[in-house]
Amino acid sequence: MWIEAQVARLKEAFSRLRDPLVVALHCAEAASPLWDRLSEVARSLEGLGQGMVRVEEVEAPELPALPALSLACGKGRGISYAAVPEGPEAAPFIRAIARLTGVEPSPTGAWTAQVSNHARPAEIIVFIAPACPFCPRTVQGALDVALTSAQVRLSIVDVERFPKLAAQYSVQSVPMTLVDRQLARVGILSSSELAELLVATTERDYVERVFLSRIETGQLDDAAADLRAGRGLDHFASLWLKSTTSTRISLMMLAEMVLEGRRMALDALVPRLLPVLSSADVPLRGDTADLLRQIAHPAAADALTALLQDPNPDVAEVAADALAAIEARRARETGSEEA
């Protein structure tokens, strides 16, 4: 399971323990291969622990995935693994034990003060895959953060063993880090970058960041549900105004999803979008006209008519298409009223 040097590191850590290391096994409703592997890890640690490692089987309904294994020592907060800490993932796991037992010193840096001063409980989930070469670095950063503050609870989850949970949070690539089951980031995250995400949960633009993270990580169903319910229009408009072309593609896909479910859900966006039709940014101008084509609200007709004279022929063509869509909506609504 672990190479000789890692076993030696564990033995050294356990030899310095003052308080027992508690290795808790949290069982699911049914036995599974993962439960067997985690039990093997726990018993291996117990065997290396020289009487200072205690294995317990306890319920933990608050964890995002079961079965799982968690670590705690003294006042240290538990860290849970719904993944097997072997291969590339063994190194951060063993380093975490060394940190818990005091063999390895705590990291230093400006970010540690940010995490230590975090005033409220936070949950971090890191989704990984066993063959991912980048996941151990993100796991290491998350472990450093979790071991710096008792307010932070960390779970490492193997997407291959928990595909339903991965689908729930639209995990399309790993590593993906989720803060408070809302703010998501894909790719390698250092401890300092993760600390910034924790700080972001207390800042005024947090809701907008969550909305953006849903778009960036493909959680469009959740974002669409918010917009259909009348939530998030301000965030959509704000993101559109400062968007890149790639972000606008995602926002257009989102708008299409919303309008399929509720035709008039984005009407309130129109007044916020009209000034953008005068932007010097040609792609932004054209994409805005295309978004107004999807919405097809009559309030945009005058501004789109003016855009027919745009010096860029592609923009003028999109404006004409948008005006045609507005006329079609008018005809549908008039026919509905007459009926």
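**View 1. C135, a buried cysteine in a predicted model.** At 0% relative accessibility, C135 counts as buried (under 20% relative accessible area; exposed is over 50%, partly exposed in between; 1.4 Å probe, protein chains only). C132 has 8% relative accessibility, so C132 is buried too. C27, at 39%, counts as partly exposed. This is a predicted model in which local features need pLDDT of at least 70 and side-chain atom pairs count only at pLDDT 80 or more, while totals for chains, interfaces and linings use all residues. Residues are numbered from 1 along each chain as its sequence is written, and side-chain values use heavy atoms, with hydrogens and water left out.

**View 2. The disulfide between C132 and C135.** The structure holds one disulfide (a pair of cysteine sulfur atoms within 2.5 Å). The S to S distance from C132 to C135 is 2.5 Å. The torsion about this S-S bond is about 95°, so the disulfide is right-handed.

**View 3. Helix 3, residues 90-101.** Helices (H or I, at least four residues) and strands (E, at least two) are DSSP runs, numbered from the N terminus. The end C-alpha atoms of helix 3 are 17 Å apart. Just after helix 3, G102 takes a positive phi of about 85°.

View 4. Ten of its twelve residues are buried, so helix 3 is largely enclosed by the rest of the structure. Among the buried residues are F93, I94, I97, R99 and L100. Their cover includes helix 1 (4-15), helix 2 (33-48) and helix 5 (135-146). Strand 1 (21-26), strand 3 (68-73) and strand 4 (79-82) also belong to the cover of the buried residues of helix 3.

Technical notes. The expected span of a helix is 1.5 Å times one less than its number of residues. Contact means heavy atoms within 4.5 Å.
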